[in-house]
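Subject: A structure for you to explore

Hi there,

Here is the structure I promised to pass on. Have a look around it first, and then read my notes below.

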Amino acid sequence: MPSFELLPGDPGSPVLLHVPHSARAVPADVRAGIVLDDTALDRELDHITDAHTAELAARAAVLAQVRPWRFVNRLSRLVVDPERFPDEREEMAAVGMGAVYTRTTHRGELRPADTDPEPLLARYFRPYARAMTEAVAGRLAATGRAVIIDVHSYPTEPLPYELHGTGPRPPVCLGTDAFHTPAWLTEAARTAFADMGRTGLDSPFAGTYVPLEFYGADARVAAVMVEIRRDAYMTEPGGAPGPGLHRLATALAALVDAAPR
């Protein structure tokens, strides 16, 4: 199984839908390093997976007037989390959830605390980062700009691992970056998701993903994180999608089409 996939869109589209946390797959050799039994691991995957977000992005790509590109992680974030910093810059390392998790959503043991992250970083994290960098570079070369829309979901009730779980939990949270999220993109996202109810900024999750080669250095790369509260489209935790998924896909397609070309 490839650990990620770049799904081509229209050659003239600057938009890259990034779906990093939708999968549940854990390779057998990686599974061997996780201390949870199968029942507990399945439950952890229910909580930590952004279920159905790959389907959401796929539906939005079909609905959009100009098909966006999609970069989709095909492995669980319990293998590696491609959106974490792999070093001391990562605040989630404080709760054992840096690029390679050692703790669960409920702060239990996932892997031994002394697990060496390097083999997983070398095998999965760095190739993913390189491929995502190349995907963004491809949009820049083709269109002169790149617009990353980072597609996530989050639980209705905060989980113990959350560092900022006491703030507002709107139906749609937009994660922004002072350098990479221009005003037009924030407003376009607010407009696109207006029918879903209140759209908040940076609570309970803040920031957005930009490959490090461009981060803070290339303003041609715009980015926003779309965090959808799970009760808006699915049964929690880890259950089936509902009719809200189509409404969200329509809204996400509207955001895709708002990107300048």
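Keep in mind as you read that this is a predicted model. I'll begin with the open spaces.

The second largest pocket has a volume of about 200 Å³. Its lining is made up of 16 residues, and Gly98, Ala99, Val100, Thr102 and Pro117 are the closest to its centre. Sorted by class, that lining holds 9 nonpolar, 4 polar and 3 charged residues.

Now for the largest pocket, with about 970 Å³ of space. The classes here come to 21 nonpolar, 9 polar and 14 charged residues.

The search gives 1 cavity of 30 Å³ or more, and the largest cavity holds about 50 Å³. Among the residues that line this cavity are Ser3, Asn73, Pro82, Tyr124 and Tyr128. Its lining divides into 6 nonpolar and 3 polar residues, with no charged ones.

Tyr128 leads us on to the aromatic rings. How many aromatic pairs does a search of the whole structure find? The count is 4. One of them joins Phe71 and Tyr128 edge-to-face, with 5.0 Å from centre to centre and 75° between the planes. Phe71 belongs to strand β3 (residues 69–73) and Tyr128 to helix α4 (residues 118–143), so this pair ties together parts that lie 57 residues apart in sequence. Are these two residues buried or exposed? Both Phe71 and Tyr128 are buried. Together with Phe4, they form one aromatic cluster.

Tyr154 and Phe205 make another edge-to-face pair, at 6.0 Å centre to centre and with 70° between the planes. Tyr154 sits in strand β4 (residues 146–154), while Phe205 is in the loop between β6 (199–201) and β7 (221–229), so parts 51 residues apart in sequence are tied together here. Tyr154 has a relative accessibility of 1% and therefore counts as buried. Phe205 is also buried, because its relative accessible area of 19% is under the 20% cut-off.

One last thing to find on your screen: Arg139 lies over the face of Trp69, at 3.9 Å from the ring centre.

Enjoy exploring, and write back with any questions!

Best wishes

Methods:
Residues numbered from 1 in each chain as written. Predicted model: local features only at pLDDT ≥ 70, side-chain atom pairs only at ≥ 80, totals over all residues. Heavy atoms only, no water. Phe/Tyr/Trp six-rings, centres within 6.5 Å; stacked < 30°, edge-to-face > 60°. Helix = DSSP H or I, 4+ residues; strand = E, 2+ residues; numbered from the N terminus. Buried < 20%, exposed > 50% of the residue type's maximum accessible area, 1.4 Å probe, protein only. Lys NZ or Arg CZ within 6 Å of the ring centre and 35° of its normal. 1 Å grid on protein atoms, 1.4 Å probe; cavity = no way out; pocket = protein on both sides within 12 Å on 5 of 7 lines; lining within 4 Å. Points joined across faces, edges and corners; volume = space filled by probe spheres on them. Nonpolar A, V, L, I, M, F, W, Y, C, P; charged D, E, K, R; others polar.
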